[in-house]
Amino acid sequence: MENKHKQLPQKAKEKHVENKKFFARLKKKPPKKLDYLMQELHESVFKETDCLQCGNCCKTTGPLFTNADIERIAKHLRMKPQQFIATYLRLDEENDFVLQQVPCAFLGHDNYCSIYDVRPKACREFPHTDRKKFQQISHLTLKNVAICPAAFEVVERMKEALAGK
């Protein structure tokens with residue numbers, strides 16, 4: 001897996017145009033059972049995936065933090081929400097709370113998350129490959145295949161499953 005995620009940006013770049021065309025077709029005419037297929041592919045790929053061997057999502061990107069995330073994590077860390085924000089977060093150009101820096105401050109050297117049980121909603125849902133109306137987040141998926149080996153694999157299997165349809 002270590003080697004897989006190092007090769008991932010190049011592999012994703014090579015597949016970018018192909019994936020972009022595929023998602024454009026998917027958006028225009030999504031198959032009736034796309035959500036069901038995505039759920040199936042997501043579960044299948046993640047049965048074979050050990051995220052602790054990679055941790056690339058936590059090393060290279062930061063989630064958005066909702067107010068509920070901030071309240072929950074601050075309480076867990078026994079901090080006031082404003083103290084949590086001042087210590088770990090910043091406002092981005094869209095006025096969303098994001099990490100001050102990556103890799104994530106809560107990521108250990110062993111790729112374990114020290115706030116896993118209370119992690120942000122965006123972390124819990126990443127890489128969003130099991131989301132309903134999957135075709136509506138193709139822009140996000142195009143980014144995620146360059147970060148997450150499992151997302152890359154889900155998309156490759158999805159293209160294979162939908163070939164000729």
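Predicted model: local features only at pLDDT ≥ 70, side-chain atom pairs only at ≥ 80, totals over all residues.
I begin with helix 8, which covers residues 149-162. Its 14 residues reach 20 Å from the first C-alpha to the last, close to the 20 Å expected at 1.5 Å a residue. Is this helix mostly covered or mostly uncovered? It is mostly covered, with 10 of the 14 residues buried. Among the buried residues are Phe152, Val154, Val155, Met158 and Leu162, and the charged side chains Glu156 and Lys159 are also buried.

Which helix does helix 8 meet? One partner is helix 2, residues 34-47, whose axis comes within 9 Å of that of helix 8 and crosses it at roughly 135 degrees. An angle of that size makes helix 2 oblique to helix 8. The crossing is right-handed. On the helix 2 side, the contact is made by Leu34, Leu37, Met38, Leu41, His42, Ser44, Val45 and Phe46. Helix 8 contributes Ala150, Glu153, Val154, Arg157, Met158, Ala161 and Leu162. By class, this contact has 11 nonpolar, 2 polar and 2 charged residues.

I turn now to helix 4, residues 67-76, and helix 5, residues 81-88. The axes of these two helices come within 9 Å and cross at roughly 95 degrees; helix 4 and helix 5 are therefore roughly perpendicular to each other. Ile70, Glu71, Ile73 and Ala74 of helix 4 meet Pro81, Phe84 and Ile85 of helix 5. This contact has 6 nonpolar residues, no polar ones and 1 charged residue.

Conventions:
Residues numbered from 1 in each chain as written. Heavy atoms only, no water. Helix = DSSP H or I, 4+ residues; strand = E, 2+ residues; numbered from the N terminus. Expected span 1.5 Å × (residues − 1). Buried < 20%, exposed > 50% of the residue type's maximum accessible area, 1.4 Å probe, protein only. Axes fitted to C-alpha atoms, helices over the stretch in contact; angles between N-to-C directions. Parallel < 35°, antiparallel > 145°, perpendicular 65-115°, else oblique. Contact = heavy atoms within 4.5 Å. Left-handed = near helix turned anticlockwise from the far one by under 90°.
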